[in-house]
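Keep the 3D view open as you read.

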Amino acid sequence: MTIIGIAGGTGSGKTSVVKKIVEALPPNYVAVIPQDSYYNDTTGLTDEERKQINFDHPDAFDWKLLIKQISDLKAGRAIEQPTYSYLISNRLPETIHVEPKPVIIVEGIMALVDKRLRNMMDLKIYVDCDADIRLLRNIQRDTIDRGRTVTMVMDRYIKVLKPMHEQFIEPTKRFANVIIPEGASNTPGIDIVCKYIERLCGVKE
């Protein structure tokens, strides 16, 4: 089994890079574990307390559960991946059944933050992108999918996203084996990474 970590700022193009890698490998060869599914369970909090959560801080994640479930997959055991709703800022009752696959991709803004998780990875990738492009993508995504106004997104970017990115996410570049500028539009970079992953996994051309 090959475990790959893919990190990068919000809106950097991580999901698109993951899609390219999945498409390059044989069908049903990859299980993608989104770090967003592992935000802490906030059942015991009030709605007002949930609104104060800083989702761009390492403390927002249930690292214990994420590491345990990646360990389970690595050991050949299926997991019940949690699901999370940004609209209610809490986990949903439903889980997603995930079977072990030859390739496990852990994708998220802080996929490379925790040393225990990094040590389980065979390949660590950081998707790099200009801050202005990330901001525009955040505005588009959050206004469409998360019910926020442009003003809300801009305010959150200045107060939370930018400082948290500089403090916690950008520094994880130094842990990456590969840095991919411009995300999925960097075709040569994606091709090189996919060929390397194929070689790691023993996939024959």
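"Buried" here means under 20% relative accessible area, "exposed" means over 50%, and "partly exposed" is in between (1.4 Å probe, protein chains only). Helices (H or I, at least four residues) and strands (E, at least two) are DSSP runs, numbered from the N terminus. You're looking at a predicted model, where local features need pLDDT of at least 70, side-chain atom pairs count only at pLDDT 80 or more, and totals for chains, interfaces and linings use all residues. Residues are numbered from 1 along each chain as its sequence is written, and side-chain values use heavy atoms, leaving out hydrogens and water.

Now find helix α1, residues 14–24, where K14, V17, V18 and I21 are buried. They sit on the same side of α1 because they cover an arc of only 100 degrees around the axis (going by the directions from the helix axis to the C-beta atoms). What do the buried residues of α1 pack against? Their partners are β1 (2–7), β2 (30–34), β5 (103–107), β6 (123–128), β7 (178–181) and α7 (187–201), with contact meaning heavy atoms within 4.5 Å.

On to the charges. A salt bridge is a side-chain nitrogen of Lys or Arg within 4 Å of a carboxyl oxygen of Asp or Glu, and a search of the whole structure finds nine. In one of them, K68 pairs with D72, with the closest N and O atoms 2.9 Å apart. Both lie in helix α3 (residues 63–74), four residues apart, about one turn of the helix. K68 is partly exposed at 49% relative accessible area, while D72 is buried at 11%.
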